[in-house]
Amino acid sequence: MSKRKSSKSRKKNQPTIANNHRPLKHNEQDELLRQRQWVKLFAEVTFKIRQSLNFKEILRATVTEVQRILQADRVLIYQVFLDGTGRAITEAVLPDYPPILDLEFPEEVFPTEYQQLYAKGRVRAIADVRDRQAGLSDCLIEFVDQFNIKAKMIVPILQNLNSHQQNESSSSNQLWGLLIAHHCDRPYQWLDFELELMQQLADQIGIALSQAQFLEHLEEIVEVRTAELQEVNRNLQQEINDRMQAEAALRRSEEQLRLITNALPVLIAYVDDHQCYRFNNKAYEDWLGQVPADIYGSNIKTVWGNNCYQRMQVYVNLALLGQAVTYENEILLKDGLPCSVNVTYIPHLDEQQNVKGFFALTTDISDRKAIERMKDEFIAVVSHELRTPLTSMHSALKILATGRLGTLSKDGQQMLEIADDNTERLVRLVNNVLDLQRIESGEVKMEKQICNVSTLMIQATEAMQPMAQQHGVVLVVNQIDIEIFVDSDYIVQALTNLISNAIKFSSSDSTVWLSAENTPNAEVLFSVCDEGQGIPSDKLESIFERFQQVDSSDSRRKGGTGLGLTICRKIVEQHEGKIWVESTLGKGSTFSFTLPLLN
């Protein structure tokens, strides 16, 4: 009972509208003083609300401070749930009165129509709950009597549903709960200032609610973003680990590759698509006197010099176009001595078939070149030495064959013919060797002039007509009237060599065709086609090499030397053309070569 008395004594000290026995001036001064105190207290409450991010702490601080400011017996916050039910979630109440915390209000106490009114912002200040003018139902009066409620003030707390959505042009409010103040010892006439204070505090709670809602939404975003960043970080870390492992494996592979390539007596390098070195072995230092570290990143032209680069440039460009090339070149070593090399470029293609660069392999062929020169010189000397006695022997055999020096027996005549045929074959062989040696050594200078294709073809067929008649082969010529710039003697020699081979390897009563046509590439295409035995596919390239024949025994029987096609290829290449063969076994072969048209 002592506590209730203290509460009542506090109430008696509180100024009310009923205190009109005081002088008016004194009442106004008290009212102003109290309002200043309330404004100060409101500022403190607002500060505490704004200072905290914990919504439950904000609610507890609000009811405590409101009870202190209003000197009410009970202040509580009642939360309304989406299904229309609700309960008191925080409360500040004097010990003299029963608590309402966690109590759910019956539906008849807080019906749906009340909720709709409060959602529209209705505020109620009831001085006496038993006053019929207050409009409270009997069941509600009976409910509030349980908690000794004599006067009450109810202010709605509205929630901004779109407070965290910045792209919304308008926001909608929903009733979140009620801020309620009770006087329990007696009826009380609520002051307008108290009503305004409660409304402002309810607004502050709404703001805090929006802040909590935004914070919760922000925490969800942060949680999602954190999970995403953690996943990205794990993936990135995995990628970094994979890359580090790949780089370590690449370094080990490069070290192994460098150890292997450094032990090889050849130049090995990788050049990117900007013609800059990205790898080269130690042989570059041994050959050129340039350290690999100094060559790295340097342009080909810088490493090899202008003169050498001019000879390399066309092949470098072909490699960067995706074509594998092999060529021979002359370079200068670090001691200034020349060196003959064989160079191979192999393009490096990515998955989209784009050229990223090329691998370069350079081999010293100086010894091979020296041996070839010695061999050529030896063959030339031997051929010159053999030519005179062979010519004399051939002439003597021809004289014997005429019978002027006496008549030979049948066996003697047969032996004479064999000797004459073999001597003639040796003479052709010596002449072919000498011709090839002169062409390869550069002693032969092509004396090019304007020639008519038709004329060249007629000259070649007329020269080979006796041989065709002897073998019973028909020669067919398909002429075209077009001019080219060539050495006519050597082109006729190439044509007669091809026609001779076609006749020799054709059966009697067959046909050999010689044709020419103009191609779209500004070239003339010559073709010699036969109906012979054909050439195996594995021999189509090798038959253009020296002394290479499809069947050596058959060739010897037919008088071949194995140099005719080699001479043809050299002649065609001297005219900037190409030569090749297409063949089907049992059906025949077609030898073709191209020559540039006259510009």
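Helices and strands are DSSP runs, the former of at least four residues and the latter of at least two, numbered from the N terminus.

**Figure 1. Overview of the predicted model.** The protein chain contains 16 helices and 17 strands. Of its 599 residues, 41% count as buried. Among contacts between residues at least 6 apart in sequence, 62% join residues at least 24 apart. The protein chain exposes about 34500 Å², and carbon and sulfur atoms supply 51% of this area.

**Figure 2. The largest nonpolar core, which has 48 residues.** The residues with the most contacts inside this core are Ile484, Ile503 and Phe526. Helix 14, which spans residues 488–504, gives the most to the core, with 9 residues. Domain 3 (370–441) and domain 4 (449–596) both contribute residues, and the core therefore lies between them. Another core, of 33 residues, lies apart from this one; Ile77, Met153, Trp176 and Leu197 are among its members.

**Figure 3. The surroundings of Ile484.** When neighbours within four places in sequence are left aside, Ile484 is in contact with residues including Gln449, Ile450, Cys451, Val453 and Leu456. Its contacts also include Val524 and Phe526, together with Leu595, Pro596, Leu597 and Leu598.

**Figure 4. The packing of helix 3 against helix 6.** Two packed helices are described by the angle between their axes and the distance between the axes. Helix 3 (residues 55–70) and helix 6 (residues 192–262) pack at an angle of about 170°, with their axes 10 Å apart. Because angles over 145 degrees count as roughly antiparallel, helix 3 and helix 6 are roughly antiparallel to each other. From helix 3, the residues that meet helix 6 are Phe55, Ile58, Leu59, Thr62, Val66, Ile69 and Leu70. Their partners in helix 6 are Glu194, Leu197, Met198, Leu201, Ile205, Ala208, Leu209 and Ala212.

**Figure 5. Gln35 and Phe193.** Gln35 lies in helix 2, which covers residues 24–51. Gln35 has a relative accessibility of 26% and so counts as partly exposed. Gln35 and Phe193 are 158 residues apart in sequence, yet their C-alpha atoms are 7.7 Å apart in space.

**Figure 6. Positive phi values at Asp102 and Gln275.** Asp102 is found in the loop between strand 2 (86–93) and helix 4 (112–119). Phi of Asp102 is near 70°, a positive value in a residue other than glycine. With a relative accessible area of 48%, Asp102 is partly exposed. Gln275 is found in the loop between strand 6 (267–272) and strand 7 (277–280). Although Gln275 is not a glycine, its phi is positive, at about 65°. Gln275 counts as buried, because its relative accessibility is 13% and buried means under 20%.

Notes: Residues numbered from 1 in each chain as written. Predicted model: local features only at pLDDT ≥ 70, side-chain atom pairs only at ≥ 80, totals over all residues. Heavy atoms only, no water. Core = buried A, V, L, I, M, F, W, Y, C linked by side-chain atoms within 4.5 Å. Buried < 20%, exposed > 50% of the residue type's maximum accessible area, 1.4 Å probe, protein only. Domains from an automatic or database assignment. Contact = heavy atoms within 4.5 Å. Areas by Shrake-Rupley, 256 points an atom, 1.4 Å probe, with all protein chains shown as cover. Axes fitted to C-alpha atoms, helices over the stretch in contact; angles between N-to-C directions. Parallel < 35°, antiparallel > 145°, perpendicular 65-115°, else oblique.
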